[in-house]
Amino acid sequence: MAAMGSVDESDVGILCYISNLPGFRGILKQRYADFIVNEVDLDGNVIHLTSLEAPPELFQVVDEREIKLSDELSRNYESEIESFRVLAGDSNAELLKDLIDKITSRSEDSISPIVLSPSSDKAHRPAVHNYFKEKLKFLVTDTVDGPDASTKCIRVRVNAGGQSKDNSSRKRKERGDKSFDSRGTTSWPDNVTVFKQSARRLAALNEKLFGIKLGDFCYVKEGLLLGQLLGNRFTVVLRDVIADSEDSIGAAANALGKFGFINYFGLQRFGSSSVPTHLVGAALLRGEWMSALSMILDPRKGDILFSGIFSICCKNDITKAREYYKESGDIEGTLRQLPRHLVAERAILQCLKKHPGNQLQALKAIPRTLRMMYVHSYESYLWNHAASVRVKKYGANQVFVGDLVHCHGDKAPDVVRADSCEYGHDTSGEGGDMLDEASGMDLPVGGNSSVKVVTSEDISSGKYTVDDIVLPLPGSRVIYPANDVTQVFEELAKKEGINLKESVHNVKEFSITSVTGGYRRVFQKPIDFDWLPSNPLIFSTLIICFAVTFLFTEEKAGFFLFTFPSGELLRYGDSTKPLAETDLDIIAKSKPLVSVEPKGVPNGNADEKSSGFQSICEDGGHAPTGTSEDPSSNTTATKIALKLGLTLPSSCYATMAIRELLKTSTSVAFHKALNHWLDFVAPQGDRVWEKGFRAIFYLDIVKGTN
């Protein structure tokens, strides 16, 4: 595999469609509110942000804890300080005394930790840690690096209270000791747990935060883990729709709801730069540490900013930092230039600073979830290609002998195993339970796998359908289809110098034989798909209304069919107006929000339109900027948008459902180019068609294409 200028769907095996129906043109994610994601929890509830206030009943709980802490700190700690002086010396005792004075006096809102004197005595440090555990339980300690490689320091800070260490240490270790964790990584309503914080304190942050709001607070006993959700509810608006007719739009949407889409891993899986993550994963599997480091650190085309349709480009800070490191090798200087959001790059450089030349150690310094994503991305690359071959050779309408299927309740044969897995997705390990988000599995492997190879007897019984077909994500404990699709995995991996049955190195986390693997459904139907009303009574009412009114005035019939209660075709004029409401927009209607201006932006106006938050009017009132446009009130509406609603399991990509609908690429570059084309090239007359809207839609309903 050679590096590419930009990631295209065909580069990562996204090649086929289920239906042969023609697609149509529409722009995806033109505005932030055109792609709204709400989590669906394990009970099937769609998560919505409904309130930004901390519930009053929670205040008393917090106050009682604060009173208890005050009572604990009201006593005198002179004897403890003096005994600590004997243990750790005068200078450390004075640091501790100052810290306790600050805590008991409550003179500062935020109290900084203290760092004790450096020590190279490993036997002495446990004694210091134990002293605080026994004598000063309102303080906690940990060990940090000292001024040189041979010494360590003990850091002392206030214990914020909350969960016991025994109950939370494993989960905090899994999420990298961060103070919060969430079920997913969406940009919209998302359940998040925060460790050792009060609801009142978090609610107060809403006056300071820009681009994010917190609400619907409650206390829970356990923190969330990555992937701990049932799925996501998507509200998608496709703008500037152009098609042969509304009939073709209806047919495409109905086919998506009825037959679904190929469950490809979307382009997001492979990154947005010119060095896709699966290329890095392939290098890791081959044991080429230097090559993997170079792909992560070197300058890349994905760091170039493109302006307009003519691709006028300029170097940005990231490109400059990458080029500076490649030319100079200056780690310190590069770290000063690299933005903090480049987590992998910064982790590598910080490790190389401490351990010069240790390439493998530098790769392991990348946070575990991120570094494992490289290997999972390569698995996804193989899976996509295999799925395309399955569809090309056997279609998407029936099950064939040799297919792998997910069994329905019966006990399937045990999965054929290689050597016992010591890493991978074993839930006893550090990174367990990250199947959906990290590896993209629908079905993890287990002692009694629910996957089997289809036999001729299964075909005769008609027991399985295309919805049951799965393909494996390569690993040591999966079985493969008993047909030509298996060769895709083997031949493609062999072409890239990778053996799926044995590893060329002994680094387990970067070995394909040390991950367990799993299974993913090949075809996925959207759940609760909103396109046309599914209620028969609504269908009948619409048909009757149309039939009656069509005899007298076509315009009235058009009104009935233009305002569907679920999925909709919308006419609009102003491209800057949202066509779908976010949860924050709904809250803003009932209670004004205070806007927060971003730092470094004059008057905070740069992102005001795109934030969806409320801005302050000249008269002191508040006006929500994210309210959706009412198409019926716009007399200059010349553009058409399609609004959809669908729910997908957590491992699925909504962009792949949209791809099946449009029959076009879902890449960001493609849709940006479409947007620029409309702005600079396309005539207004090409945006809409002039005939057949109402009658064609009526025929779609009568024919039952939904």
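This is a predicted model: local features need pLDDT of at least 70, side-chain atom pairs count only at pLDDT 80 or more; totals for chains, interfaces and linings use all residues.
Residues are numbered from 1 along each chain as its sequence is written, and side-chain values use heavy atoms, with hydrogens and water left out.

The protein has 24 helices and 22 strands, which are DSSP runs numbered from the N terminus, helices being H or I with at least four residues and strands E with at least two. Of its 706 residues, 47% are buried, where buried means under 20% relative accessible area, exposed over 50%, and partly exposed in between, with a 1.4 Å probe and protein chains only.

Let us turn to the cores. A nonpolar core is a set of buried Ala, Val, Leu, Ile, Met, Phe, Trp, Tyr and Cys residues joined through side-chain atoms within 4.5 Å. The largest one holds 100 residues, and Phe24, Leu238, Leu363, Phe523, Leu642 and Leu661 touch the most other members. Helix α14 gives the most to this core, with 10 residues.

Now, which residues of helix α17 are buried? They are Val485, Thr486, Val488, Phe489, Leu492 and Ala493, and, seen down the axis, they fall within an arc of 160° (taken from the directions from the helix axis to the C-beta atoms), so they line one face of the helix. On the other side, Glu491, Lys494 and Lys495 are exposed. What covers the buried residues of α17 includes α14 and β15, and just after the helix, glycine 497 takes a positive phi of about 75°.

Definitions and conventions
Contact means heavy atoms within 4.5 Å.
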